[in-house]
Amino acid sequence: MSILYELGGYGPLLLIFLSWYLLWDHKNLFFYFNIGLFASAVLNLIFKGIIQEPRPMFDSKKIKLMTTHAKDYFFQNGFPFDIYGMPSGHSQAVFFMTTFIYLSLKHTNLLYLYVVFSLLICYQRVKFDYHSISQVVVGATVGIFFAYSVYQLAREKIKGKIRERENDFGPV
């Protein structure tokens, strides 16, 4: 059980390091991956602030007490922990990485590895009451669509850098 608990907490970091390793030789995609991952985290915080749906681990009395004292987070194991859970930041991040890596490298076996890892992380988030199923599904959906958008932006910017030579119509 503790392996599953640790996987949910540190799984996204493992996928980040694996993604960095896989994209290291693709400098433009590496750049867009990192910018997209950071922007996805900011987007997640914005959505949590707008939606303000509490995590399932809190009862309504505890939520009311925390919000009346202007607390939107608490500390768990020494880390700040947001009381709002919609959408799940973990599921948004891992499905962002899964989608971006697949679109960038088109490697089916990597897709299977990332999907299995991502689903285990999402399962852990629901199992330990950090998120509801709907919070995890919405997070995954936002991550997928945001990764697709960032990848399309990267593709357009990279494609624009190749130009034909005037003399032989070859790349510069």
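Biologist: What does the accessible surface of the chain come to?
Modeller: About 10,600 Å² in this predicted model. Carbon and sulfur atoms account for 67% of that surface.

Biologist: And how many of the residues count as buried?
Modeller: The chain has 172 residues, and 37% of them count as buried.

Biologist: Okay, the fold. How many helices and strands does the chain have?
Modeller: Six helices and two strands. Starting at the N terminus, the order is α-α-α-β-β-α-α-α.

Biologist: What about contacts between residues at least 6 apart in sequence, how many join residues at least 24 apart?
Modeller: Of those contacts, 76% join residues at least 24 apart.

Biologist: Changing topic. What pLDDT does the chain average?
Modeller: The average is 82, and 77% of the residues score at least 70.

Biologist: Where is confidence lowest, and where is it highest?
Modeller: Strand 1, residues 73-76, is lowest with a mean of 53. Helix 4, residues 89-105, is highest at 94.

Biologist: Now a single residue. Where does Gln-124 lie?
Modeller: Gln-124 is part of helix 5, which covers residues 108-127.

Biologist: Is Gln-124 buried or exposed, and why?
Modeller: Gln-124 counts as buried because its relative accessibility is 1%, and the cut-off for buried is under 20%.

Biologist: Which side chain does the side chain of Gln-124 make a polar contact with?
Modeller: That of Arg-125, at 3.4 Å.

Conventions:
Residues are numbered from 1 along each chain as its sequence is written. This is a predicted model: local features need pLDDT of at least 70, side-chain atom pairs count only at pLDDT 80 or more; totals for chains, interfaces and linings use all residues. Side-chain values use heavy atoms; hydrogens and water are left out. pLDDT is the predictor's confidence in each residue, from 0 to 100. Helices (H or I, at least four residues) and strands (E, at least two) are DSSP runs, numbered from the N terminus. Buried means under 20% relative accessible area, exposed over 50%, partly exposed in between (1.4 Å probe, protein chains only). A polar contact is a pair of N or O atoms within 3.5 Å; within protein, one must be able to donate a hydrogen and the other to accept it, and residues adjacent in sequence count only if both atoms are side-chain atoms. Contact means heavy atoms within 4.5 Å. Accessible areas come from the Shrake-Rupley method with a 1.4 Å probe; for residues, only the protein chains shown count as cover.
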